[in-house]
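Here are a few notes from my read-through, meant to be followed with the structure open beside you.

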Amino acid sequence: MKKSIIFILLIVFAFSCKREPISWDVDSLIPILRTKMTVQQAIPDSMISVGSNNELNLIYKGTLIDFKLDSVLSMPDTTTTDIFSWPIGSITLLPGQVFLSDTNFTRFDMGGANLTHLFIQSGSINLTLTSSLQGPSVMEYSLPTATKNGVPFFVKESIPAGSASNPALINKTYDLSGYDISLTGINNDNYNVLANAHRAYIDFSSAPVIISAGDRFVASNTFSGVTPSYARGSFGSEFIQESAIGETLDAFENIAGGTINLEEVSMVFEIKNEVGIDATIKVNDLTGNNTYNNSAITLQSPLSNGEINLNRATEINGIKSGINPSVYTQNIDNSNSNIAAFVGNLPNQLSYDFDIQLNPVGNVSNSNDFIYNNTGISIDLDTEIPLNFNAHDLILIDTSDFEMEGTSQDDLSKIISGYINLHADNWYPFALDAQFYLLDSNNVIIDSVFSMPQSIQGGIPVFGVVDTPVYSFLQAPVNRAKIDHLYQTKSIITLIKINSSTTGTAQIFDNYFIDLSIVGDFKYLISIE
């Protein structure tokens, strides 16, 4: 009996006790960012070369400024009209009888240019014929000085009978692409003139046609959209001013600010004349603008202010055989310019002002100036600059995708504390300031990894070369808001600022980089009910 009572009491005691949840803390490391940044990332691959000793050089070979002078090839749309009209009484026209015949000359307004020759790249002629004649007729239209493959332009159109109340209408458009046009007229004694010949007659298959007072036949032709691929003649002594403010330069597109002091800069400027016209060019202004720093440097060099004489281009082997451009070359370096400061300003925009005088001494070519479509005067740059510099507030940027796993409120509530750890291996011979910005799905900055930029130690060069990177470890505590923002983050911007600690310059080598790793060291609360 006693044993039964004791057993019952034990059961009652066991079921009357309240069970408490079991919980414990768990540390977890979550990778947030791993990136490797180099100076090369800030400069297009085409602008970087590696020397024999693994040193980096900045190169640029290409066109800096290009002035197109082919505006003279822009031809206005031009229309000419011929009318046959019978004034009084009536007359009978027999089959084949001509009632309208003429040779006209269309003179194109080419500004100050007197052109003798054109090759047409594109364009058309529209022929509109209106007839109230009470019988069929034929119109023949030709451009005797416009040929394609040696054949002059010629069209022939039949016009049906019409009436005063319901005139017949023919509207046709013909392609002029590929035509070679002489603009000197029938007798080769003119300029800017295109001859056209036309005649209209009663259709040979028609019965005699009675023409009454008021009957009309109107022939209209319109040249439209004519774009020459080549022009020849005298282009006159034209003055042209070319200027621009804030033209984009993309050479340093991933550099978001700062300047560098370069030890040595040498450049070759080539001014290339692709047109068969003598010219002078005056460089009034050439300024590089860094809009991040709000700084501008105007280039002072042998190119500045004085007039530069440019010889005309020549053709390889006669008319429209290709161009041999003339080239004016000027070497610019530290000894004759401020080119180091100009380039070191890291301009992302260019402003310039040039005066160009065509044919400064008149028509010395005897009307044999020439120009091809899409040609003009260009300034080309050829340079190779050793990346041996020190930097002031030089900012490099990089963007990486990121998405943290686990987005529920339950996941967030489990994180009770933690740190964000930065691990950095720096090969560069200067200290860096690093900051990381968190961007949401709309690319809006919602937070930063650290409350302020973190300093990363620089590598130590031995005989001018860093052989071993310097490791830095930095840590920042996280709060609930920071964790919440990490879960909203879709990408991270890495921003590195470089400030050289010495006044001397340091050579940058191809194997230099900074390796950055950000890891979340979070403490989770795990519990079992």
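1. Let's start with the second largest cavity, which holds about 40 Å³ of space. Keep in mind that this is a predicted model. The structure has 3 cavities of 30 Å³ or more.

2. What lines the second largest cavity? You'll find Met 75, Phe 108, Leu 118, Ile 120, Leu 176, Ile 181, Leu 194, Phe 223 and Val 226 there. Strand E7 (114-131) and strand E14 (216-234) are the elements that give two or more residues to this lining. By class it comes out as 9 nonpolar residues, with no polar and no charged ones.

3. On to the nonpolar cores. The largest has 128 residues, and Phe 217 and Phe 436 have the most contacts inside it. E7 turns up again here, giving the largest share of this core with 6 residues. Apart from it there is another core of 5 residues, including Phe 119, Tyr 230, Ala 313 and Phe 370.

4. Have a look around Phe 436. Beyond four places in sequence, its contacts include Leu 33, Leu 422, Val 449, Phe 450, Ile 492, Leu 516 and Ile 518. Asp 447, Ser 448 and Thr 494 are also among the residues it touches.

5. Is Asn 426 buried or exposed? It's buried, because its relative accessible area is 0%, under the 20% cut-off. Asn 426 sits in strand E28 (residues 415-426). A polar atom of its side chain lies 3.1 Å from the backbone oxygen of Phe 430. Leaving aside neighbours within four places in sequence, Asn 426 is in contact with residues including Leu 432, Gln 457, Pro 469 and Phe 513.

Key
Residues are numbered from 1 along each chain as its sequence is written. This is a predicted model: local features need pLDDT of at least 70, side-chain atom pairs count only at pLDDT 80 or more; totals for chains, interfaces and linings use all residues. Side-chain values use heavy atoms; hydrogens and water are left out. Helices (H or I, at least four residues) and strands (E, at least two) are DSSP runs, numbered from the N terminus. Buried means under 20% relative accessible area, exposed over 50%, partly exposed in between (1.4 Å probe, protein chains only). A polar contact is a pair of N or O atoms within 3.5 Å; within protein, one must be able to donate a hydrogen and the other to accept it, and residues adjacent in sequence count only if both atoms are side-chain atoms. Contact means heavy atoms within 4.5 Å. On a 1 Å grid over the protein atoms alone, a cavity is a set of points where a 1.4 Å probe fits but cannot get out, and a pocket is an open set with protein on both sides within 12 Å along at least five of seven lines; lining residues have an atom within 4 Å of a point. Grid points are joined across faces, edges and corners, and a volume is the space filled by probe spheres set on the points. Ala, Val, Leu, Ile, Met, Phe, Trp, Tyr, Cys and Pro count as nonpolar, Asp, Glu, Lys and Arg as charged, and the others, Gly among them, as polar. A nonpolar core is a set of buried Ala, Val, Leu, Ile, Met, Phe, Trp, Tyr and Cys residues joined through side-chain atoms within 4.5 Å.
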